[in-house]
Amino acid sequence: MEQSTPGPEPEPEAAGGPEPAGPARPAAGAGEAAATEQAGPRPLGVAVTPTGQAAVDAGLRRLADADHLPVGGHLKVYEDVHRGLRDVLAGLDQHPGPPAPSSTTHDNRS
């Protein structure tokens, strides 16, 4: 006696039987994807708003250089920009002008 098991019905096989195992056939539109990959890297097209800080804006413009490099060259650009931005931030901690007066006062009265 055969017992049926609940679940989805099996899909009928194609007229030619099951497909032989082997490399997968490309899906529709795969030729377009291959052509795009062969064209090389494409810029992301991200708009950058100027900050008004020359050093920061130069770093942001430098990021656009990565658009024209292979992926292996991106790290050098990113590290360069990161170093520049870190220097700008460190410069904010330095106050120009004469040193601030000491917070301790000396009472020289005798």
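Reader: How do the axes of helix H2 and H3 cross, and within what distance do they come?

Author: This is a predicted model. In it, the axes of H2 (residues 54-63) and H3 come within 9 Å and cross at roughly 170°. Because angles over 145 degrees count as roughly antiparallel, H2 is roughly antiparallel to H3.

Reader: Which residues make the contact?

Author: From H2, the contact is made by Ala-55, Val-56, Gly-59, Arg-62 and Leu-63. H3 contributes Val-77, Tyr-78, Asp-80, Val-81, Leu-85 and Val-88.

Reader: Take Val-88, then. What does it touch, not counting residues up to four places away in sequence?

Author: Val-88 touches Ala-55 and Val-56 on that count. Val-88 and Val-56 are 32 residues apart in sequence, and their C-alpha atoms are 7.4 Å apart in space.

Reader: Is Val-88 buried or partly exposed?

Author: Val-88 is partly exposed, because its relative accessibility is 24% and buried means under 20%.

Reader: And His-74, where is its place?

Author: His-74 also has its place in helix H3, as Val-88 does. His-74 counts as buried, because its relative accessibility is 19%.

Reader: What does the side chain of His-74 reach?

Author: The His-74 side chain reaches the backbone oxygen of Leu-69, at 3.2 Å. Leaving aside neighbours within four places in sequence, His-74 is in contact with Leu-69 and also with Ala-66.

Reader: Let us turn to Leu-60. Which residues is it in contact with, neighbours within four places left aside?

Author: Leu-60, which has its place in helix H2, is in contact with Val-48, Thr-49 and Thr-51. Of these, Thr-49 is eleven residues from Leu-60 in sequence and 9.1 Å from it in space, C-alpha to C-alpha. Leu-60 is partly exposed, with a relative accessible area of 25%.

Reader: Stepping back, how many helices and strands does the protein chain have?

Author: The protein chain has three helices and zero strands. From the N terminus on, the order of elements is α-α-α.

Reader: What share of the residues is buried?

Author: Buried residues make up 6% of the 110 residues in the protein chain. The chain exposes about 10400 Å², and carbon and sulfur atoms supply 57% of that area.

Reader: One last topic: where is confidence lowest, and where is it highest?

Author: Confidence is lowest in helix H1 (residues 30-38), with a mean pLDDT of 57. Helix H3 (residues 71-92) has the highest, at 92. Over the protein chain the mean pLDDT is 73, and 52% of the residues reach 70 or more.

Terms used:
Residues numbered from 1 in each chain as written. Predicted model: local features only at pLDDT ≥ 70, side-chain atom pairs only at ≥ 80, totals over all residues. Heavy atoms only, no water. pLDDT = per-residue confidence, 0-100. Helix = DSSP H or I, 4+ residues; strand = E, 2+ residues; numbered from the N terminus. Buried < 20%, exposed > 50% of the residue type's maximum accessible area, 1.4 Å probe, protein only. Areas by Shrake-Rupley, 256 points an atom, 1.4 Å probe, with all protein chains shown as cover. Polar contact = N/O pair within 3.5 Å; in protein donor to acceptor, adjacent residues only side chain to side chain. Contact = heavy atoms within 4.5 Å. Axes fitted to C-alpha atoms, helices over the stretch in contact; angles between N-to-C directions. Parallel < 35°, antiparallel > 145°, perpendicular 65-115°, else oblique.
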